[in-house]
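Here are my notes on the model you sent over.

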Amino acid sequence: MTTAIWIVLALLLIGVYLSWTAGRLDRLHARIDAARAALDAQLLRRVSVAQELATAGVFDPAASMVIYQAAHAARLAPEDQREVAESELSQALRVVFAESAQVVAVREAPGGQASADELEAAVRRVPMARRFHNDAVRAARAVRRHRTVRWFRLAGHAPFPLAFEMDDEPPPALVEHTARPDRPGH
Amino acid sequence: MRIGIVCPYSWDVPGGVQFHVRDLAEHLIRRGHHVSVLAPADEDTPLPPYVVAAGRAVSVPYNGSVARVNLGVRSVARVRRWVHEGDFDVLHIHEPSVPSLGLLTCWAARGPIVATFHTSNPRSRVMIAAYPMLQPALEKISARVAVSEYARRTLVEHLGGDAVVIPNGVDVGFFADAEPKAEWQGGTIGFIGRIDEPRKGLPVLMRALPRILRERPGARLLVAGRGDEKEAVAGLPDDLRGRVEFLGMVSDEDKARLLRSVDLYVAPNTGGESFGIILVEAMSAGAPVLASDLDAFAQVLDGGAAGQLFPNEDADALAAAAVHLLGAPARRAELRERGSEHVRRFDWSTVGADVLAVYETVTAGAEAVAPDDRAGFLGRLGRTRD
């Protein structure tokens with residue numbers, strides 16, 4: 001009789017543990033989804049401001065073409081080529097905004113101030129959002145590697161989470177310039 | 001935006017994390033956000049209107065010192081009520097790996113949670129043992145912030161994952177506009193910090209002092225901070241003791257005036273620093289800085305460009321550098337200028353914008369903060385049954 005009680009108790013405890021782990025995993029997947037949505041939003045924001053600037057006539061024609069091409073490619077890239085395309089947009093932005101003179105020129109163009117501010121906000125937030133996303137991916141992977149999770153298939157059909165790897169280094173002249181709002185002059 | 005900030009340490013005890021939380025909350029309120037701070041404090045402590053007392057902190061020995069923290073059933077209930085009533089868009093927890101309110105909040109809430117890691121403790125046995133229990137709470141954090149690249153490295157090493165670096169903020173204008181005090185000017189060296197805390201480095205400075213004072217006959221040392229003054233000067237020759245002046249604990253205003261007045265600020269700290277806010281304050285006030293080459297200090301001083309570094313715990317090197325700087329007004333002016341230029345990135349206007357960018361990134365499209373009903377064992381059991 002006592003043995004039966006112990007077995008029931010043990011099964012109950014295992015059940016509670018499995019349910020708890022499944023809940024934890026579910027929360028981690030939700031966190032990845034939210035982080036991925038935030039990353040997508042920032043990448044899209046960056047692409048659209050870049051494209052807007054490229055067609056606004058604030059750059060010289062060569063710079064306009066480079067930025068437009070890179071932004072266009074990043075916007076249309078299929079999922080498996082997105083990391084490369086977004087990295088190329090980062091590189092293009094770094095080349096065009098290599099000098100602070102270019103930043104000043106954009107800011108002085110009509111309506112350029114708002115666009116430059118938005119681009120700056122986007123290039124600052126892409127690395128943030130990407131770190132948060134990859135941090136969530138790492139946490140979920142750590143749990144999914146547990147034996148319990150694999151044996152009892154607690155992850156269900158959720159795909160194994162993948163980190164988003166890209167070059168997200170912002171153009172130094174762009175973030176440097178606005179980091180000093182009270183600088184006299186511009 | 002409705003922001004809930006959790007401070008792990010007692011509000012009535014001065015400390016770096018508490019000051020940071022206070023300044024951050026006030027900055028965000030000035031920018032028009034709704035901010036509520038949950039902090040350990042007695043019911044009868046006078047508190048700013050935005051602080052909610054979470055009850056009296058208890059003193060527990062933790063990690064080699066005594067920490068005043070909140071824990072236990074009543075604290076958990078307090079946290080849950082605060083989370084429920086606050087209706088926050090985002091929670092910002094400070095020091096989530098300290099066994100206090102931050103960790104409890106992580107455990108008892110769900111939704112967008114941002115966490116700032118201030119200290120970079122070496123990995124302790126407690127952390128290793130408690131890790132399986134901590135992990136489920138810590139993995140609810142949607143965004144981690146480290147106060148320096150050094151703090152980020154240790155965080156990544158200990159807990160894995162990644163973090164963004166946002167430095168501590170300073171109100172640069174407050175220090176830059178302070179009025180210098182004539183009696184603190186003229187060949188003065190400044191030191192601010194606990195006298196009896198060896199890690200703050202006063203003993204190193206005291207070893208270097210005889211040579212500095214002999215080679216620069218006009219020089220004086222001004223020390224602000226609490227501790228035993230007699231013991232501090234015990235190692236000095238009698239004739240030099242008069243050239244060390246103790247100011248005791250100073251107010252924020254006097255601290256700014258002191259930093260504005262001195263010809264050289266010395267930070268001989270020997271370890272345990274993850275940021276170095278005092279260096280930023282000194283640079284804001286335009287004081288040339290001479291600091292030990294701790295990782296965190298080197299980073300705040302832009303690798304030595306915005307202030308001079310000396311090898312940690314090397315009193316001879318400190319003496320040589322101080323003697324040189326006191327006799328080189330041109331070099332001091334150069335450090336002053338580079339310091340004031342460099343320090344702008346630590347101003348609240350920049351740091352606050354970065355913190356808000358983190359809030360916006362984690363709240364975009366996410367649900368608001370709510371109590372986590374599954375946090376209690378009974379809640380989980382109930383869920384299994386349905």
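1. Axes are lines fitted to C-alpha atoms, for helices over the stretch in contact, and angles run from 0 to 180 degrees between N-to-C directions. Helices (H or I, at least four residues) and strands (E, at least two) are DSSP runs, numbered from the N terminus.

2. Keep in mind that this is a predicted model: local features need pLDDT of at least 70, side-chain atom pairs count only at pLDDT 80 or more, and totals for chains, interfaces and linings use all residues. Residues are numbered from 1 along each chain as its sequence is written, while chains are lettered from A and ligands numbered from 1 in the order in which they are written.

3. Chain B overall. Chain B holds 16 helices and 17 strands. With a radius of gyration of 22 Å, close to the 21 Å that the globule rule gives for 386 residues, chain B is as compact as a globular protein of that length (the radius is taken over C-alpha atoms, and the rule is 2.2 Å times the number of residues to the power 0.38). Along the principal axes, its C-alpha atoms fill a box of roughly 80 × 40 × 40 Å. Of the 386 residues in chain B, 47% count as buried; buried means 20 or more other C-beta atoms within 10 Å of the residue's own, exposed means 12 or fewer, and partly exposed is in between, with C-beta atoms placed from the backbone.

4. Contacts in chain B. Two residues are in contact if their C-beta atoms, placed from the backbone, lie within 7 Å. Among chain B contacts between residues at least 6 apart in sequence, 69% join residues at least 24 apart.

5. The seven-stranded sheet. In chain B, 7 strands make an open sheet with parallel pairing, in the order 3-2-1-6-8-9-10; strands pair if DSSP finds at least two bridges between them. Strand 3 and strand 10 (164-165) of chain B are at the edges with a single partner strand each, so one side of each is left without a neighbour in the sheet. Strand 1 (residues 2-6) and strand 2 of chain B pair in the parallel sense over 5 bridges, and B:I3 stands opposite B:V35 in strand 2. Helix 2 (residues 73-86) of chain B packs on this sheet, touching strand 1, strand 2 and strand 3, and its direction makes about 175 degrees with that of strand 2.

6. Where is B:A41 found? It sits in the loop between strand 2 (34-39) and strand 3 (51-53) of chain B. B:A41 is buried, with 23 other C-beta atoms within 10 Å. Beyond its neighbours within four places in sequence, B:A41 is in contact with B:S10, B:W11, B:D12, B:L47 and B:A53.

7. The six-stranded sheet. Chain B also has an open sheet of 6 strands, ordered 13-12-11-14-15-16 with parallel pairing. Its edge strands are strand 13 (244-248) and strand 16 (308-310) of chain B, each pairing on one side only. On average, neighbouring strands here are turned by 25 degrees against each other, direction ignored. Strand 14 (residues 264-267) and strand 15 (residues 289-292) of chain B run parallel and are joined by 3 bridges, and B:Y265 has B:V289 in strand 15 as its bridge partner. Helix 10 (residues 252-261) of chain B packs on the sheet, touching strand 11 (188-192), strand 12 (220-224) and strand 14. Helix 11 (residues 277-284) of chain B also packs on the sheet, touching strand 11, strand 14 and strand 15; its direction makes about 165 degrees with that of strand 15.

8. A helix pair in chain B. Helix 1 (residues 16-30) and helix 15 (residues 348-363) of chain B pack at an angle of about 85 degrees, with their axes 11 Å apart. These two helices of chain B, helix 1 and helix 15, are therefore roughly perpendicular to each other. B:D23, B:L24, B:H27 and B:L28 in helix 1 meet B:W348, B:G352 and B:V355 in helix 15.

9. A helix pair in chain A. Helix 4 (residues 100-108) and helix 5 of chain A pack at about 130 degrees with their axes 6 Å apart, which makes helix 4 oblique to helix 5. A:V103, A:V106, A:R107 and A:E108 in helix 4 meet A:G112, A:Q113 and A:A116 in helix 5.

10. The interface. In total, 27 residues of chain A are in contact with 27 residues of chain B. On the chain A side, helix 1 (2-55) and helix 5 (112-144) are the elements that give two or more residues, and helix 1 of chain A supplies the largest share, 14 residues.

Note on methods: Parallel < 35°, antiparallel > 145°, perpendicular 65-115°, else oblique.
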